[in-house]
Amino acid sequence: MQNPDRAFTPAIRVSRVLGARVLDESGHRLGTISDVMLDRDSNSILGVIVSRHALWGLSEAYQQLPWSALQYDLFDRSYKLPGSIKDWSEGWRASPDAGV
């Protein structure tokens, strides 16, 4: 029996997305995917919430990112965003629910 995660399909399990690393084009780590936002009306993925540790791991910061901006990199086994880490430095919040 073939492993469903290995079969050729455009589908991916949310459990495989959660915890995945998010990097910029240069490979600098922005954080990890901590949640997925779904649109109930269109049955589509709106985006993800990325979390990162701030100030020596004492607190976390969160940012909502559009799903369409993420590209999976098979080599790094991570999701990459276009641009540099500086392009994504704005918009971090103390709560994952801010702006949802």
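## Exercises: the core and the rings

The largest nonpolar core has 16 residues, and those with the most contacts inside it are Val-22, Ile-33, Val-48, Val-50, Leu-65, Leu-70 and Leu-81. Such a core is a set of buried Ala, Val, Leu, Ile, Met, Phe, Trp, Tyr and Cys residues joined through side-chain atoms within 4.5 Å. The model is predicted: local features need pLDDT of at least 70, side-chain atom pairs count only at pLDDT 80 or more, and totals for chains, interfaces and linings use all residues. Residues are numbered from 1 along each chain as its sequence is written, and side-chain values use heavy atoms, leaving out hydrogens and water.

**Exercise 1.** Find which elements give two or more residues to this core.

*Solution.* Start with the strands, which are DSSP runs of E with at least two residues, numbered from the N terminus. Those that qualify are β2 (29-39), β3 (44-54) and β4 (59-66). The largest share, 3 residues, comes from β2.

**Exercise 2.** Classify the pair formed by the rings of Trp-67 and Tyr-79.

*Solution.* Rings of Phe, Tyr and Trp (its six-membered ring) pair if their centres lie within 6.5 Å; planes under 30 degrees apart count as stacked, over 60 as edge-to-face and the rest as tilted. Here the centres are 5.7 Å apart and the planes at 50°, so the pair is tilted.

**Exercise 3.** Decide whether Tyr-79 is buried or exposed.

*Solution.* Buried means under 20% relative accessible area, exposed over 50%, partly exposed in between (1.4 Å probe, protein chains only). At 4%, Tyr-79 is buried, while Trp-67, at 24%, is partly exposed.

Note on methods
Helix = DSSP H or I, 4+ residues; strand = E, 2+ residues; numbered from the N terminus.
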